[in-house]
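Welcome, and thanks for taking a look at this one with me. Below are a few numbered points to guide a first reading.

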Amino acid sequence: YSDRGLMEVSRIANAAAGSEDRIGDSEQLDQYNYKEAQIHGEVDLSKHVQRLVVHPRHRVDGVKEEAIRELCRKWSWEFMWMDDERRRRIYEERESQDSRLLEVSWSREDRIKAVNKVKR
């Protein structure tokens with residue numbers, strides 16, 4: 001990693017739950033133009049891939065959006081532009097935090113007793 005790339009990884013790792021900082025910026029990872037994964041076992045693109053997240057440069061670089069969408073239809077993937085994916089992940093992160101807080105607060109016995117007193 002470059003210093004800039006390492007700082008980006010550290011920023012994400014140390015971000016507060018529910019924070020926009022939990023979503024990384026791959027532009028900060030110098031010289032890493034690809035994503036690598038080690039997969040041990042079968043990969044079925046129609047079962048193991050949920051969505052294709054497309055970099056915004058493909059809006060203007062000559063790659064036809066319809067061709068990308070056709071690929072997504074072929075494999076039953078969701079199509080998502082990277083900036084839309086960022087917003088989706090931030091929303092989901094915040095929603096999961098809200099539901100966990102709600103679950104914790106309502107599971108506490110004193111809260112339940114307080115609600116029951118109000119009902120009477």
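**Notes for a first look**

1. Within the protein chain, the element with the lowest mean pLDDT is helix H5 (residues 109-119), at 56, while H3 has the highest, at 95. Here pLDDT is the predictor's confidence in each residue, from 0 to 100, and elements are DSSP runs numbered from the N terminus: helices (H or I) of at least four residues and strands (E) of at least two. The chain average is 78, and 72% of the residues score at least 70.

2. A word on the ground rules: this is a predicted model, in which local features need pLDDT of at least 70 and side-chain atom pairs count only at pLDDT 80 or more, whereas totals for chains, interfaces and linings use all residues. Residues are numbered from 1 along each chain as its sequence is written, and side-chain values use heavy atoms, leaving out hydrogens and water.

3. Which residues make up the largest nonpolar core? There are 6 in all: Val-54, Ile-68, Cys-72, Trp-77, Phe-79 and Trp-81. Helix H3 (65-75) and strand E2 (78-81) are the elements that give two or more residues to this core. Such a core is a set of buried Ala, Val, Leu, Ile, Met, Phe, Trp, Tyr and Cys residues joined through side-chain atoms within 4.5 Å. Buried means under 20% relative accessible area, exposed over 50%, and partly exposed in between (1.4 Å probe, protein chains only).

4. The structure holds 2 aromatic pairs. One is stacked: Trp-75 and Trp-77 lie 6.3 Å centre to centre, with 20° between the planes. The other pair, Phe-79 and Trp-81, is edge-to-face, at 5.2 Å and 90°. Rings of Phe, Tyr and Trp (its six-membered ring) pair if their centres lie within 6.5 Å; planes under 30 degrees apart count as stacked, over 60 as edge-to-face and the rest as tilted. Trp-77 is buried at 14% relative accessible area, whereas Trp-75 counts as partly exposed at 26%.

5. Is Glu-85 buried or exposed? Glu-85, in helix H4 (residues 82-107), counts as buried because its relative accessibility is 10%. Lys-47, in helix H2 (residues 45-48), is exposed at 58%.
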